[in-house]
Amino acid sequence: MAGDAAQVAPEVYKVLFENDRVRLLEARLQPGDRSAMHHHPDNLVYNLADGRVTFTDESGGTMEASLAAGEAMWIPAVDHSTHNTGSTEVRSLLFELK
């Protein structure tokens with residue numbers, strides 16, 4: 001399993017809140033930037049801005065996603081890296097379940 005997102009990619013993920021049941025991360029990724037491979041437990045994502053990203057899993061498989069401000073997405077536990085392929089800063093809140 002890849003390392004914790006906030007430890008592996010602190011330039012992208014900032015811990016805003018944490019207790020024994022949930023952790024809230026803010027994610028910010030500038031156009032063209034990439035994160036290192038990292039792990040998220042089951043989580044709910046709320047996008048604060050429109051954006052476009054490519055996720056790459058540990059096997060090298062990719063998935064492109066268009067993110068819309070105000071959109072919420074459920075994401076099962078995952079190991080991936082993220083690349084901002086759009087022209088705007090990607091900004092999201094991640095509510096990770098423990």
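## Core and overall fold of a predicted protein chain

The largest nonpolar core has 15 residues, and those with the most contacts inside it are Val12, Tyr13, Leu25, Val53 and Leu94. Two or more residues of this core come from each of helix H1 (5-8), strand E2 (22-29), strand E5 (51-57), strand E6 (62-67) and strand E9 (90-97), and the largest share, 3 residues, is given by E2. In soluble globular proteins, nonpolar side chains tend to be buried together. The model described here is predicted.

Leu94, one of the core residues with the most contacts inside the core, is in contact with Tyr13, Arg23, Leu24, Leu25, Ala27, His40, Asn43, Leu44 and Val45, once its neighbours within four places in sequence are left aside.

Is His80 buried or exposed? With a relative accessible area of 8%, under the 20% limit for burial, His80 is buried. Not counting residues up to four places away in sequence, His80 touches Tyr13, Ala36, Met37, His38, His40, Phe55, Thr56 and Asp57. Gly60 and His80 are 20 residues apart in sequence, while their C-alpha atoms are 9.1 Å apart in space.

Turning to the chain as a whole, the secondary structure comes to 1 helix and 9 strands, and the order along the sequence is α-β-β-β-β-β-β-β-β-β. Of the contacts with a separation of 6 or more, 71% are between residues 24 or more positions apart. The radius of gyration of the protein chain is 12 Å, which agrees with the value near 13 Å that a compact globule of 98 residues would have.

The following table collects further values for the protein chain.

| Property | Value |
|---|---|
| Box filled by the C-alpha atoms, along the principal axes | roughly 35 × 30 × 25 Å |
| Buried residues | 38% of the 98 residues |
| Accessible surface | about 5400 Å² |
| Part of the accessible surface belonging to carbon and sulfur atoms | 53% |
| Distance between the centres of the positive and negative sets of side chains | 5 Å |

As for charge, the protein chain has 8 positive and 15 negative side chains, and the centres of these two sets lie 5 Å apart.

Notes:
Residues are numbered from 1 along each chain as its sequence is written. This is a predicted model: local features need pLDDT of at least 70, side-chain atom pairs count only at pLDDT 80 or more; totals for chains, interfaces and linings use all residues. Side-chain values use heavy atoms; hydrogens and water are left out. Helices (H or I, at least four residues) and strands (E, at least two) are DSSP runs, numbered from the N terminus. The radius of gyration is taken over C-alpha atoms; the globule rule is 2.2 Å times the number of residues to the power 0.38. Buried means under 20% relative accessible area, exposed over 50%, partly exposed in between (1.4 Å probe, protein chains only). Contact means heavy atoms within 4.5 Å. Accessible areas come from the Shrake-Rupley method with a 1.4 Å probe; for residues, only the protein chains shown count as cover. Lys and Arg count as positive and Asp and Glu as negative; His and the chain ends are not counted. The place of a charge is taken as NZ of Lys, CZ of Arg, CG of Asp or CD of Glu. A nonpolar core is a set of buried Ala, Val, Leu, Ile, Met, Phe, Trp, Tyr and Cys residues joined through side-chain atoms within 4.5 Å.
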